[in-house]
Amino acid sequence: MTTETSDSKPLRGRICLVAGATRGAGRAIAVQLGTAGATVYVTGRTTREKVSEVGRTTETVEETAELVTAAGGEGVAVPTDHLEPDRVRVLIDRIDRERGRLDVLVNDIWGGEHLVVAGFGKKIWEMDLADGLRMLELGVKSHLITSAAATPLLTRHPGGLLVEVTDGTQEYNATRYRENVYYDLAKNAPIRMAFGLARELAPSGGTAVALTPGWLRSEQMLDHFGVTEENWRDAVGKLPDFAVAESPVYVGRAVAALAADPDRARWNGRSLSSGQLAKEYGFTDADGSRPDAWGFVVAKETDEDVSADDYR
């Protein structure tokens, strides 16, 4: 029988909330926090009894909680629509009542990929207004509601961590247009939110960052290309940049590394990527590689012959 060291479970005793943990990055973040020993409250709209507008029955918030527990933490599923302030307040009150603290808040709420597909490349006057505004509700309003409700508990004890998950780094998004105006706003807003919240959390010793994965091999993305995690490279023929794709485990390990770092305040207000943090903390993706998708995409803009192998 082996004795578990504190280093093997550096987040034991930490209380985390991953908002939007049904699938993709959110699910992997929750599981990796659990792997590090944390108690993780996981939320989402798709349950075993009810399916959200995303329309996928194959991933549920209950399953995510079970994966967290199986990984070595404690997963607690709380079905929640983060656009309903009263429901979010009930969630935070429950965490307070049951644990009395919140150490990590991850805002990964989204669920708008189907809207992006419908509006990809469309000008503002060509896209359905309701769809565009829904993107902003899902990717911006939900994050604000959750942060407003959760930060009083997050700041009760020094050292709280708030992670805004988005798509694209500040450096990349500042000079590139992201498909259409609604999506561009939805994915730039969390970067600015992290910047502002960093100033508000700092007096209590808290840290806020924006974090982006690269080309993410989420369940939805794999299904879109008709591949699985085992044969994902078959999709590279359709999308060459997919050669630097990463599994959701990678961004999950990035959040776990941040949460376990006692010196994480040095990142306060920064826009970060999973590849950047992998170099800093030394973790790898599930397959042992260390992809740098954003580095590759930028390099390819000036050198079309750049090899994806140099960025894995």
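## Helix packing and sheet order

In this predicted model, helix H3 passes helix H5 in a right-handed crossing. The axes of H3 (residues 85-99) and H5 (residues 129-154) lie 9 Å apart and pack at an angle of about 20 degrees. Angles under 35 degrees count as roughly parallel, so H3 is roughly parallel to H5.

On the H3 side, the contact is made by Pro85, Val88, Arg89, Ile92, Ile95 and Asp96. On the H5 side, Ile145, Thr146, Ala149, Ala150 and Leu153 take part. The contact residues of H3 with H5 comprise 8 nonpolar, 1 polar and 2 charged.

The model also contains an open sheet of 7 strands with parallel pairing, in the order S3-S2-S1-S4-S5-S6-S7. Strands S3 and S7 stand at its edges; each has a single partner strand, so one side of each has no neighbour in the sheet. On average, neighbouring strands are turned by 20 degrees against each other, direction ignored.

Within the sheet, strands S4 and S5 run parallel and are joined by 4 bridges.

| Strand | Residues |
|---|---|
| S3 | 74-77 |
| S4 | 104-107 |
| S5 | 161-165 |
| S7 | 271-273 |

Key. Residues numbered from 1 in each chain as written. Predicted model: local features only at pLDDT ≥ 70, side-chain atom pairs only at ≥ 80, totals over all residues. Heavy atoms only, no water. Axes fitted to C-alpha atoms, helices over the stretch in contact; angles between N-to-C directions. Helix = DSSP H or I, 4+ residues; strand = E, 2+ residues; numbered from the N terminus. Parallel < 35°, antiparallel > 145°, perpendicular 65-115°, else oblique. Left-handed = near helix turned anticlockwise from the far one by under 90°. Contact = heavy atoms within 4.5 Å. Nonpolar A, V, L, I, M, F, W, Y, C, P; charged D, E, K, R; others polar. Pairing = 2+ DSSP bridges.
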